[in-house]
Amino acid sequence: MLVQEKTTQAIAILDELGIDAWLTFVRETSAGGDPVLPLIYGPHSLTWQSALLLSRTGERLDPRQIALNYSPNDVYADGLGHGLYQVLLGYLAGTSYAERLVSAEGIIGALRGRKTPAEVARIRTAVATTLEIYRRAFDFMQPGMSEAQVGAFMHGQMAALAIEETAWDRASCPAVNSGPHSPVGHAGPTDLRLERGHIVHFDFGIRQDDYCSDIQRVVYLLRPGETSAPEPVQRGFDTVLAAVDAAVTAMRPGVTGMEVDAAARRVIVDAGYPEFRYATGHHLGRNAHDGGGVLGPAWERYGDTPFRALEAGHVYTVEPGLAVPGYGYVGLEEDVLVTEEETVYLGAPQRELILR
């Protein structure tokens with residue numbers, strides 16, 4: 001059972017970090033539960049004030065440190081609200097335990113980041129389903145269709161495969177961007193029409209059996225008489241592919257996310273393109289953005305997360321991109337697993353520009 005795997009893993013992390021006890025303190029979780037609960041408690045709700053306590057030994061003890069779920073850097077480790085924190089302090093008043101409270105950020109980051117074999121298997125399945133939906137969408141799409149029509153078709157294929165949830169907000173998943181005037185990012189498909197001579201960029205993922213995929217793909221719609229993409233389009237694709245390769249090559253245990261980001265970013269900038277204004281990648285798991293470290297630059301908005309080291313068992317997206325003026329956006333995104341020996345793709349990567 002996955003919850004048993006993760007609680008066993010959590011106890012090992014406590015021992016590794018030298019923290020005696022980890023306390024998840026909650027109430028009325030149906031109104032907004034702590035993000036860590038699905039990992040250590042499963043799909044259940046709690047009503048009254050409840051304390052879930054894990055210790056290094058599994059026995060009653062007098063802990064030197066008690067980790068609580070608050071964090072300035074990681075939203076998934078920040079599940080203890082300020083009001084409930086005040087309630088807890090009231091319970092601990094008159095004892096020495098209030099002085100022993102520390103952040104559980106390191107525990108939760110490790111727990112979410114280090115995927116068990118069962119978690120990896122679920123992500124692989126979600127990736128495989130996503131790639132199948134992409135395959136069907138590429139066969140379906142035609143010049144003259146709107147971005148919204150293609151997005152609706154992909155939602156229809158989810159239903160045909162009994163997939164109920166997208167990996168993020170359904171209105172913007174998939175993103176379908178045709179040509180240079182389509183808004184790129186987590187924006188939904190528009191009424192813009194697919195035209196020959198356009199790059200069509202996709203960003204799409206699903207949640208299957210509680211775990212997510214997050215994959216970007218690129219298609220070029222050939223103009224009459226063309227048998228290959230124009231040089232600027234092909235060069236843009238080749239550059240992004242080289243950036244993906246540079247990032248994956250750099251990914252190994254002990255390397256920081258900032259170092260991986262720098263490897264990918266350097267390829268884009270050295271080729272003469274502006275640097276992309278987002279991180280090269282992020283953790284992937286129960287959520288599309290799964291907390292913990294980030295493959296990103298040392299920008300203020302990322303806090304200390306780019307300085308965290310990669311570990312075996314981490315699953316990341318790798319997603320550099322660039323705009324090709326006059327044609328559209330080239331963005332590739334692959335889902336990969338870090339192991340002790342190498343970093344492996346969890347689904348077949350896009351190695352060539354898709355032509356239609």
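**A buried arginine**

I began with Arg-112, which counts as buried because its relative accessibility is 3%. Buried means under 20% relative accessible area, exposed over 50% and partly exposed in between, with a 1.4 Å probe and protein chains only. This model is predicted, so local features need pLDDT of at least 70 and side-chain atom pairs pLDDT 80 or more, while totals for chains, interfaces and linings use all residues. Residues are numbered from 1 along each chain as its sequence is written, and side-chain values use heavy atoms, without hydrogens and water.

I found Arg-112 in helix α4 (residues 105-113); helices are DSSP runs of H or I, at least four residues, numbered from the N terminus. Which residues does Arg-112 contact, leaving aside neighbours within four places in sequence? I noted Pro-35, Leu-39, Tyr-76, Arg-286, Asn-287 and Asp-290. Contact means heavy atoms within 4.5 Å.

The side chains of Arg-112 and Asn-287 also form a polar contact of 3.2 Å. That term means a pair of N or O atoms within 3.5 Å; within protein, one must be able to donate a hydrogen and the other to accept it, and residues adjacent in sequence count only if both atoms are side-chain atoms.

Met-141 touches Val-150, Leu-194 and Val-200, among others, not counting residues up to four places away in sequence.

Terms used: Helix = DSSP H or I, 4+ residues; strand = E, 2+ residues; numbered from the N terminus.
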